[in-house]
Amino acid sequence: MMSSMRLRIAARAALALTLAVVLSACDNNGGAGTTNSGASAGAASALSGVTGTDITGTGFGKNVKLLDHNGKQINLLDAYRGKVLVVFFGFTQCPDVCPTTMAELAQVKEKLEPQARDLVQVVMISVDPQRDTPQVLKQYVAAFDPSFMGLTGSDDQIAKAASSFKAYYKKVDSGKSYMMEHSSGLYVIDTKGESRLLFKPNTPPEDIAADLQKLL
């Protein structure tokens, strides 16, 4: 029984890790490239009839400590327990994928049932903490929705957060400035702090909203 459960969890993990999570090579010139990043599966009961990839049981986001855009140090899962948490890795000077994704997430919130909107929290974890101060992040995310939260931290904290989600990012020199490459999937954590879903970029907002409703 236990061995078959482990096999199912391993199978979900392998499936999710092989799905293409588009990597945005964002720079000041708007360049973009692609690669694969990933997440996987296994913990609470598996989900069915969803658009996103079931990553139940992967344990993403555990022991992640960051600084929110109000200057408060938080433990990611503790801070938003009781809400469905949607996590995106990006940065404020990203010219294309990040603003597009944030705008789509604002649409997702609008498509939720009215009573569910306050129970979903979107956070963007910056992969560019040198430029993305709390103040810069706060102004950026609020432009899409006032409830969105920007998270930053030290280089070590960001590295640990990305590692926890198996997310990729890399600083790439570009003349006198630099760009950030980063995976751009959306990770969903349920109200109990368990990782549940992974959405590929460009998933229709109505499909994301429908999946989130199932976790509420």
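Tutor: Let us begin with a term: a residue is buried if its relative accessible area is under 20%, exposed if that area is over 50%, and partly exposed in between, using a 1.4 Å probe and protein chains only. What we have is a predicted model, in which local features need pLDDT of at least 70, side-chain atom pairs count only at pLDDT 80 or more, and totals for chains, interfaces and linings use all residues. Residues are numbered from 1 along each chain as its sequence is written, and side-chain values use heavy atoms, leaving out hydrogens and water.

Student: Does Tyr-140 count as buried or exposed?

Tutor: The cut-off for being buried is a relative accessible area under 20%. Because its relative accessibility is 14%, Tyr-140 counts as buried.

Student: How far apart are the ring centres of Tyr-140 and Phe-144, and what kind of pair do they form?

Tutor: Rings of Phe, Tyr and Trp (its six-membered ring) pair if their centres lie within 6.5 Å, and planes under 30 degrees apart count as stacked, over 60 as edge-to-face and the rest as tilted. By this rule there are six aromatic pairs. In the pair of Tyr-140 and Phe-144 the centres are 5.3 Å apart and the planes meet at 65 degrees, so the pair is edge-to-face.

Student: Is Phe-144 buried, exposed or partly exposed?

Tutor: Phe-144 has a relative accessible area of 24%. Because this value falls between the two cut-offs, Phe-144 is partly exposed.

Student: Where is Thr-92 found, and which side chain does a polar contact of 2.5 Å join to Thr-92?

Tutor: Thr-92 is in the loop between β5 (84–90) and α3 (97–111), where helices (H or I, at least four residues) and strands (E, at least two) are DSSP runs numbered from the N terminus. With 15% relative accessibility, Thr-92 counts as buried. A polar contact is a pair of N or O atoms within 3.5 Å, where within protein one must be able to donate a hydrogen and the other to accept it, and residues adjacent in sequence count only if both atoms are side-chain atoms. The side chain of Thr-92 has such a contact, of 2.5 Å, with that of Asp-132.

Student: Which residues does Cys-98 contact, leaving aside neighbours within four places in sequence?

Tutor: Cys-98 belongs to helix α3 and is buried, with a relative accessible area of 0%. Contact means heavy atoms within 4.5 Å. On that basis, and setting aside neighbours within four places in sequence, Cys-98 touches Phe-88, Gly-90, Phe-91, Tyr-140 and His-182.

Student: How far apart in space are Cys-98 and Phe-88, C-alpha to C-alpha?

Tutor: In sequence, Cys-98 and Phe-88 are 10 residues apart. In space, their C-alpha atoms are separated by 8.8 Å.
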